[in-house]
Amino acid sequence: PLPLSDEILKNLEKSVNADLGAGRPVAAVAVLDQFDPSEISDATMKDRIIALLEKTSEALYLRGMSFPDNVALTKSISISTSLLTLIDKSQEPGRLALVQQSLGKALSVHGARFGDHPEMDKGIATLRTASKAWSIKDAPERWAQAQLDFAEALMASARISETNEKFEEAIDVCQHIIDQKKAELL
């Protein structure tokens, strides 16, 4: 890994943002791979690298979904998995939950694409954890999106396994969303 200075980090941010803006998230990964965030002691610099990794992972996920680009999905899974070890849950539980949500979606899509039940199950478990990170009162939009992502993964798994168990659980999650919204309105 290269040593990191503020000037190098500014150029790195510029390069990664340009790659992402041009729709080249895999090129952004090549740039980011030169640095190991776990070896960065300066908290601000580490946070800036983590933010770039988060943006890149999300761009890779979107590319993997849209084109279908399995390499991009695999890289998104890899980056999100490493981010789980870099983010301090006690300091940033919401940020960690967003990474879990991204990882769960990518695992679920990749698993659905290849009919890989263990990968789907891992994606569902990750989304289940992320769906519990927020409450409807504290962060209604994030809560709802996490619930919907979880239900969507359950439905994809139900289609692959051709069983009703996951489909019924997805319906329960959707009913829970409705019930919570009704309770909030009362």
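In this predicted model, helices H7 and H8 run roughly antiparallel to each other, because angles over 145 degrees count as roughly antiparallel and the two axes cross at roughly 160°. H7 covers residues 140-161 and H8 covers residues 165-185, and their axes come within 7 Å. The crossing of H7 past H8 is left-handed.

On the H7 side sit Trp143, Gln147, Leu148, Phe150, Ala151, Leu154, Met155, Ser157 and Ala158. H8 answers with Lys166, Phe167, Glu169, Ala170, Val173, Cys174, His176, Ile177 and Gln180.

Helices H1 and H2 make another pair. H1 spans residues 6-21 and H2 spans residues 25-32; they pack at an angle of about 160°, with axes 7 Å apart. That angle makes H1 roughly antiparallel to H2. Here, too, the handedness can be read off: H1 passes H2 in a left-handed crossing.

From H1, the contact draws on Leu12, Ser15, Val16, Asp19 and Leu20. From H2, Pro25, Ala27, Ala28, Val31 and Leu32 take part. The tally for H1 against H2 is eight nonpolar residues, one polar and one charged.

Note on methods: Residues numbered from 1 in each chain as written. Predicted model: local features only at pLDDT ≥ 70, side-chain atom pairs only at ≥ 80, totals over all residues. Heavy atoms only, no water. Axes fitted to C-alpha atoms, helices over the stretch in contact; angles between N-to-C directions. Helix = DSSP H or I, 4+ residues; strand = E, 2+ residues; numbered from the N terminus. Parallel < 35°, antiparallel > 145°, perpendicular 65-115°, else oblique. Left-handed = near helix turned anticlockwise from the far one by under 90°. Contact = heavy atoms within 4.5 Å. Nonpolar A, V, L, I, M, F, W, Y, C, P; charged D, E, K, R; others polar.
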